[in-house]
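Open the structure in your viewer and keep the selection tool at hand. The tour below goes from one selection to the next and says what is there.

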Amino acid sequence: LKIAVLLGTRPEIIKMSPIIRYLENVNELQRIKKLSKMAGYDLSSDSSKSNANENNENNENNEKKDNVLSKNTLDILDIDNTRVEYIIIHTNQHYSQNMDKIFFDELNLPKCKYNLKIGSGRHGEQTGNMMIALEKVLVEEEPDVLFVQGDTNTVLAGAITASKMGINVAHVEAGLRSFDRTMPEELNRIMADHISDFLLAPTNLAKQNLLNEGIDENKIFVVGNTIVDATLQNLKIAKKKIENLESSENMLSNLASEKNADYFLLTLHRAENTDYFDRLSNIIENIVNIADNYSKIVFPIHPRTFKKLKEYDLLSKLENNPNIQLIEPVGYLDFLLLENNSKLILTDSGGVQEEACILGVPCLTIRQNTERPETVDVGSNIIVGYDYDNWVNGLNKILGLDLEKDTDRCTPCSAKKWDNPFGCGNSAEKILEIVFSKLKN
Ligand code: UD1
Ligand code: UDP
């Protein structure tokens, strides 16, 4: 069984990481089995006795170890008789150190077998170049399935190329819809969903969107979102990391330490928000007003936004404001802490809307719509658009929920103030179980 995992951007690396960690573990298990066989031991009758799987099923506390597949999933895979191989293919749509390599390092991910080195470009050029390069790799590797995640140009290139070659496409995070076809992400999602073989939908609502478009129900599986797996696993690691740092050692540890935390966190990068002067200038004006009247703002700037702020001569408005702290994009561990300890998150990011909901931090979304309406329904998120009065109303409404600071807000299935609609953190395992069992038949 050969599995290819395609990724290209920051959120894809983060959301694929729980799947990759499981696959890595299967490889480890098979290595151990092979070595033991060579040494004269046969572990094949009970895979749960091997090192990689110990503590999992037989654990007295019944606590499941992160990244280790359950015996049931390993049985489905028939690990004793199936050689499982997986490869990672990176389009390099994101390539700056702090948009790419930092996540491989922090998330302890193996090196990609292929880096297509596509980089930035206009939509057609970028997507087309990805397809040309990816096709060569798929011809060479002949995987049984290609995993893609989300709604980027990398996803579209992957889904088109693989499906035309008769390779199964597993679309992780299928079925999201903003119903706004001016967004490149919406076009990518729709096209990828219609040519994928496994539609791994995070929620029932996402499944319903797919059914409404006439997609065969047998291809759709509601599995939660791997962002819950990633958030829960990595927040633990991030908290340990910060405990080991002297607070004076690191600006971020100061900012993100619970006792000092008194800031709003901002991210902004969507093309519809950054690529038009009037829109971006309107947003910057609102941000400056919020900083002047409500709270200090910490803003890790996406490279796209940095470029546009400079081009439109808007950067100085932020730089000159003592209540706005501009920083470069940060790694996942630091960002999770920044999110977890912030009073409020302002964002146009998809993943950040989800993480805010999972972490129990109120969120205002700087857009006119969202493909994550579940967050609005549970009350963790308000869509505020571009009118400053709406921002202020949203802010008062969501902070008026009396969200007292709580040092341990992150619980698997529900944050303190609302239910988390994206699952309990076992999405990656569900995905592999489904795909393994279908491919084996
Ligand atoms: C892409 C996705 C978007 C996703 C986002 C995650 C598409 C159409 N858009 O947007 O859905 O939310 O990734 O962050 O796929 N740049 C760098 N270094 C990098 C990457 C980009 O400097 O490592 C700059 C370049 O100037 C580039 C610009 O950012 O032109 C935009 O990059 P691009 O990959 O086209 O889109 P994103 O805005 O990152
Ligand atoms: N993120 C990060 N560092 C940052 C900003 C964001 O690690 O400085 C993470 C964040 O935790 C989330 C993901 O990046 O998991 C979201 O990516 P982005 O906002 O770029 O894309 P989107 O989710 O909108 O596609």
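Which residues come nearest to ligand 1? Keep in mind that this is a predicted model. Select ligand 1 and the 20 residues around it; His94, Ser96, Glu185, His269 and Arg304 come nearest.

**Stop 1: contacts of the ligand**

Show the side chain of His94. One of its polar atoms lies 2.7 Å from an oxygen atom of ligand 1. Next, pick Arg304, where a polar side-chain atom also lies 2.7 Å from a ligand oxygen atom. On its own, ligand 1 has 750 Å² of accessible area, and the protein covers 89% of it.

**Stop 2: the shell around the ligand**

Keep the shell of ligand 1 selected and colour it by residue class.

Now colour by domain. Domain 1 takes in 2-224 and 425-440, while domain 2 spans 228-399. Each of these two domains gives at least three residues to the shell around ligand 1.

Which helix gives the most to this shell? Select helix 12, which supplies three residues. Helix 12 covers 303-311, and helix 4, at 123-141, also supplies at least two residues of the shell.

**Stop 3**

Leave the ligand and switch to a cartoon view. Look for an open sheet with seven strands, paired in parallel and ordered 3-2-1-4-5-6-7. At its edges are strand 3 (114-115) and strand 7 (220-222), each of which pairs on one side only.

Zoom in on strand 3 and select strand 2, residues 85-90, as well. The two strands run parallel and are joined by two bridges. Within this pair, select Ile89 and look across to strand 3: Tyr114 stands opposite.

**Stop 4: a glutamine in helix 8**

Move on to helix 8, residues 226-243, and select Gln233 within it. Is Gln233 buried or exposed? Its relative accessible area is 9%, and buried means under 20%, so Gln233 counts as buried. Finally, show the side chain of Arg21 together with that of Gln233. A polar contact of 2.6 Å joins the two side chains.

How values were computed. Residues numbered from 1 in each chain as written. Chains lettered and ligands numbered in written order. Predicted model: local features only at pLDDT ≥ 70, side-chain atom pairs only at ≥ 80, totals over all residues. Heavy atoms only, no water. Near = heavy atom within 4 Å. Polar contact = N/O pair within 3.5 Å; in protein donor to acceptor, adjacent residues only side chain to side chain. Areas by Shrake-Rupley, 256 points an atom, 1.4 Å probe, with all protein chains shown as cover. Helix = DSSP H or I, 4+ residues; strand = E, 2+ residues; numbered from the N terminus. Domains from an automatic or database assignment. Pairing = 2+ DSSP bridges. Buried < 20%, exposed > 50% of the residue type's maximum accessible area, 1.4 Å probe, protein only.
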